[in-house]
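Keep the coordinates open as you read.

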Amino acid sequence: MRTPSFTRPSTVLLAAASLAGLGASFAVTGPAAAVPISGVVRAELESPDNAVDKSVIVACPAGKKVINAGGYITAGNGSVAMDDIYPDETLSTVKVSGRETDPIATNWRVKGFATCADEPAGLEWVWERSDDDTDDAKSVTARCPEGKTLLGTGGTLVGGNGEVIIDEIKPDGGPGVAPTEVTVQAAEADAFTGSWRVNALAICAEPLDGQQRISAQTAPASVNDGVRADCPAGQVATGSGAEIVGPTGEVVLDDSYPTNGSTVDPPTATTVYGQEEDATAADWFIRGFVICADD
């Protein structure tokens, strides 16, 4: 069960992560030319509530393009993982799938989120795949073409049959540093003899004004936990990401999604949450990433 120290924003207000220097001005590094982003909004769709593997496909409002993919699982209790969190190649929709890692008799559901915007200049979908083999852990990095920066992220598994979980969708960059790539990592939660692969998806475009990556993380412990990473005032969240640090394959990435926003208002934060797939005594923590740009 989730600890009372963390609750999704749909039930109570999340406490913002404490980040030193959030109000500071950063000199963004990367390509010199930059343009503003406009019309950023959040679209969402929830699946039926039952006890079978399922997925949702959420579309952007008419006239807008996907710039980030996110999702979360409700009532999975560590036995359900997001198998797909990715934009389609036309950048019109986002697919989020949930798959049981252990049999669970109770009902659960999956929710998908698409961060959408007026089409930025040079918008591009970049895909990279790992080796397709029986290794118990693997990662792959999708990089933006030279001169472009990263707006948003996505990841997906092929194979694994619920025995493999994504534990990292990590954009590079930092405070004042525009991201240009995303690394997606996955590992076997239980022994699996078949072949599988992990795919990384990068949504790229011409550089944006003020673009940077902000992060926040939980304290190391052996407890289900989550955190929220916020953009500085005056910026919007174009993308998100998450990283579980600790025992490999023991913690399910339960949430990675734009915290706020609506079909008329832009998101400004990312929420991430991790749940132990099997009980582990080892300490771990989860780190959330939000990609920001000037509004």
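The structure holds 1 cavity of 30 Å³ or more. This is a predicted model. Eight names make up its lining: Ala 69, Ile 85, Thr 153, Gly 154, Ile 169, Ser 240, Gly 241 and Ser 256. By class, the lining divides into 3 nonpolar residues, 5 polar ones and no charged ones. Two strands each supply at least two of the lining residues: S9, which covers 149-159, and S15.

Strand S15 runs over residues 235-245, and Glu 243 is found in it. Is Glu 243 buried or exposed? Its relative accessibility is 9%, so it counts as buried, because buried means under 20%. Another is that of Arg 287, at 2.5 Å. Setting aside residues up to four places away in sequence, Glu 243 touches Asp 167, Glu 168 and Lys 170, and also Phe 285, Ile 286, Arg 287 and Phe 289.

Now step back to the whole chain. The protein has 18 strands and 0 helices. It comprises 295 residues, and 54% of them count as buried. Consider the contacts with a separation of 6 or more: 78% of them come from residues 24 or more positions apart.

Thr 115 is found in strand S6, residues 109-117. Its relative accessible area is 2%, so Thr 115 is buried. Which residues is Thr 115 in contact with, leaving aside its neighbours within four places in sequence? The list includes Val 40 and Val 41, then the run Lys 65, Val 66, Ile 67 and Asn 68. Further along the chain, Thr 115 is also in contact with Ala 237, Thr 238, Pro 258 and Pro 267.

With 6% relative accessibility, Ala 81 counts as buried. Beyond residues up to four places away in sequence, Ala 81 touches Ser 97, Gly 98, Arg 99 and Thr 101, as well as Ile 165 and Val 252. Ala 81 and Val 110 are 29 residues apart along the chain, and their C-alpha atoms are separated by 9.5 Å.

Next, the loops. Is Leu 91 buried or exposed? At 4% relative accessibility, Leu 91 counts as buried.

Asn 161 also has a positive phi, about 50°, although it is not a glycine. Where does Asn 161 lie? Its place is the loop between S9 and strand S10, the latter at 164-171. The relative accessible area of Asn 161 is 53%, so this residue is exposed; the cut-off for exposed is over 50%. Leu 91 is buried, whereas Asn 161 is exposed.

Conventions:
Residues numbered from 1 in each chain as written. Predicted model: local features only at pLDDT ≥ 70, side-chain atom pairs only at ≥ 80, totals over all residues. Heavy atoms only, no water. Helix = DSSP H or I, 4+ residues; strand = E, 2+ residues; numbered from the N terminus. Buried < 20%, exposed > 50% of the residue type's maximum accessible area, 1.4 Å probe, protein only. Polar contact = N/O pair within 3.5 Å; in protein donor to acceptor, adjacent residues only side chain to side chain. Contact = heavy atoms within 4.5 Å. 1 Å grid on protein atoms, 1.4 Å probe; cavity = no way out; pocket = protein on both sides within 12 Å on 5 of 7 lines; lining within 4 Å. Points joined across faces, edges and corners; volume = space filled by probe spheres on them. Nonpolar A, V, L, I, M, F, W, Y, C, P; charged D, E, K, R; others polar.
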